[in-house]
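Subject: Structure handover

Dear colleague,

I am passing on the structure below, and my notes on it follow directly after.

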Amino acid sequence: MSLLADLMSRANVDPVLVRLLLRAHAIRVRLFRDPSLTLKEIAAEEGVTSSYATRLLRLAFLAPDIVAAISSGKHPPQLTANRLMDDTRLPLDWRAQRELLCS
């Protein structure tokens with residue numbers, strides 16, 4: 001069973017949030033594996049805008065406890081895919097992320 005299928009089988013797991021996190025980490029991995037790639041090139045390959053790819057990439061740096069909560073379906077109800085993707089100034093500081101997303 002794939003990681004995505006395993007996560008989706010858990011109660012209350014939001015498949016859209018999980019897909020966003022998986023996509024964000026895939027972009028991060030590609031950038032680290034091939035430093036010559038630009039985010040613009042990856043965005044074009046993914047069929048999304050550079051802005052969207054940038055917002056996705058930020059999700060690869062969410063606090064581990066927020067990722068765990070999303071993966072287990074125990075995230076706050078106000079933490080939605082739209083909220084994550086609409087916030088263009090998601091802080092890198094984990095404490096600030098918790099205050100913004102989980103309070």
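Which side chain meets Asp65 in a salt bridge? The partner of Asp65 is Arg98, at 2.8 Å from N to O, where a salt bridge is a side-chain nitrogen of Lys or Arg within 4 Å of a carboxyl oxygen of Asp or Glu. Asp65 lies in helix α5 (residues 64–72) and Arg98 in helix α7 (residues 94–102), so the pair ties together parts 33 residues apart in sequence; helices here are DSSP runs (H or I, at least four residues), numbered from the N terminus.

Please keep in mind that this is a predicted model, in which local features need pLDDT of at least 70 and side-chain atom pairs count only at pLDDT 80 or more, while totals for chains, interfaces and linings use all residues. Residues are numbered from 1 along each chain as its sequence is written, and side-chain values use heavy atoms, with hydrogens and water left out.

The search of the whole structure finds 4 salt bridges. Glu46 forms one of them with Arg23, the closest N and O atoms being 3.4 Å apart, and this pair links helix α3 to helix α2 across 23 residues. Glu46 also meets Arg30 in a salt bridge (3.9 Å, N to O), and a network of salt bridges links Arg23, Arg30, Glu45 and Glu46.

As for the helices themselves, α2 (residues 15–33) and α3 (residues 39–46) pack at an angle of about 135 degrees, with their axes 11 Å apart; axes are lines fitted to C-alpha atoms, for helices over the stretch in contact, and angles run from 0 to 180 degrees between N-to-C directions.

Best wishes

Note on methods. Helices (H or I, at least four residues) and strands (E, at least two) are DSSP runs, numbered from the N terminus.
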